[in-house]
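Okay, thanks everyone for coming.

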Amino acid sequence: MIYGYIRVSTDKQTVENQRFLIQEFCRTEHISVDSWVEETISGTKSPKMRKLGRLLDKSKPGDTIICSEISRLGRNLFMIMSILNQLMDKDVRVWTIKDNYRLGDNILSKVLAFSFGLSAEIERTLISERTKSALSRKKAEGVRLGRPKGKPNAVHKLDQHSDKILRWISQGIPKVEIARRLHCTTGTLYSHLRRIAAMSPED
């Protein structure tokens with residue numbers, strides 16, 4: 001099965017240029033596309049959020065995916081490497097036209113697949129080590145990680161507006177309007193007023 005994969009980032013771009021490149025390539029190679037996969041989505045999105053993800057899942061050993069250039073698969077190096085590594089593990093060939101990549105059952109592809117997998121593993125290890133190091137440093141400094149369950153916020157959203165709120169209320173301004181001016185819900189406003197009342201000294 002030969003798939004033609006086309007991706008554009010916005011609906012202002014056209015898929016026709018990529019389709020033409022793939023068709024011309026197939027004509028010179030004396031092959032034809034069995035199925036087209038086209039989508040309009042940013043290459044920064046995870047493959048799982050794209051039609052590409054479904055193509056990765058359903059592709060089988062011996063299949064070929066043709067695209068105009070390797071950047072159609074993704075917009076960062078590790079994403080592209082992960083996709084290529086997954087496809088080569090499944091013995092699915094990837095051909096790109098502008099870059100002239102032929103990734104499949106050959107020694108270069110096997111070297112690349114090993115490099116891709118190793119690079120991704122190193123990156124995962126580095127992220128894990130950085131996270132562990134940061135947490136250990138915080139603990140050594142005596143920082144308690146996370147907010148204790150049930151502990152109230154030390155600072156409330158409307159504390160800095162208390163005087164203004166009381167002045168508006170004394171002027172007879174409706175609480176709905178006060179909430180609108182403060183960009184909060186009436187529920188938040190009422191909670192603040194109850195907190196003020198609870199802190200006021202008794203007569």
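**Starting from Tyr-3**

Let's start with Tyr-3, which counts as buried at 6% relative accessibility. On the cut-offs: buried is under 20% relative accessible area, exposed is over 50%, and partly exposed is in between, with a 1.4 Å probe and protein chains only.

Before I go on, a word on where this comes from. This is a predicted model, so local features need pLDDT of at least 70 and side-chain atom pairs count only at pLDDT 80 or more, while totals for chains, interfaces and linings use all residues. Residues are numbered from 1 along each chain as its sequence is written, and side-chain values use heavy atoms, with hydrogens and water left out.

Back to Tyr-3, which sits in strand S1. When I say helix or strand, I mean DSSP runs numbered from the N terminus: H or I with at least four residues for helices, E with at least two for strands. Which residues does Tyr-3 contact, leaving aside its neighbours within four places in sequence? They are Val-33, Ser-35, Leu-55, Lys-58, Asp-63, Thr-64, Ile-65 and Ile-66. Contact here means heavy atoms within 4.5 Å. There's also Val-37, 34 residues along the chain from Tyr-3, with the two C-alpha atoms 7.1 Å apart.

**The whole chain**

Let's zoom out. The protein chain has seven helices and five strands. Reading from the N terminus, the order is β-α-β-α-β-α-β-β-α-α-α-α. Of the 203 residues, 34% are buried. Take the contacts with a separation of 6 or more: 64% of them are between residues 24 or more positions apart. The chain exposes about 13,600 Å², and carbon and sulfur atoms supply 54% of that. Those areas come from the Shrake-Rupley method with a 1.4 Å probe, and for residues, only the protein chains shown count as cover.

**The sheet**

What order do the five strands take in the sheet? It's S2-S1-S3-S4-S5, an open sheet with mixed pairing. At the edges are S2 (35–40) and S5 (102–103), each pairing on one side only. Pairing, by the way, needs DSSP to find at least two bridges between two strands.

Go through the neighbours with me. S1 (residues 2–8) and S2 run parallel and are joined by six bridges, and in that pair Val-8 stands opposite Thr-40 of S2. S1 also runs parallel to S3 (residues 64–67), this time with three bridges. Gly-4 has Ile-66 as its bridge partner in S3. Then S3 and S4 are parallel too, joined by four bridges, and Ile-66 stands opposite Trp-95 in S4.

Now the side chains. In S3, Thr-64 and Ile-66 point one way, Ile-65 and Cys-67 point the other way, and all are buried.

**The helices**

On to H2 (residues 51–58) and H3. Two packed helices are described by the angle between their axes and the distance between the axes. For H2 and H3, the axes come within 10 Å and cross at roughly 25°. That makes H2 roughly parallel to H3. Angles under 35 degrees count as roughly parallel, over 145 as roughly antiparallel, 65 to 115 as roughly perpendicular, and the rest as oblique. The axes are lines fitted to C-alpha atoms, for helices over the stretch in contact, and the angles run from 0 to 180 degrees between N-to-C directions.

Who makes the contact? Leu-52, Leu-56 and Asp-57 from H2, and Ile-83, Gln-86 and Leu-87 from H3.

**Loops and a helix end**

Asp-89 belongs to H3 (residues 77–89), and counts as exposed because its relative accessibility is 58%. Its C-alpha is 9.7 Å from that of Gly-104, 15 residues apart along the chain.

His-30 isn't a glycine, although it has a positive phi of about 60°. You'll find His-30 in the loop between H1 and S2, exposed with a relative accessible area of 74%. Asp-91 also has a positive phi of about 60° and is not a glycine either; look for Asp-91 in the loop between H3 and S4.

That's my tour, thanks.
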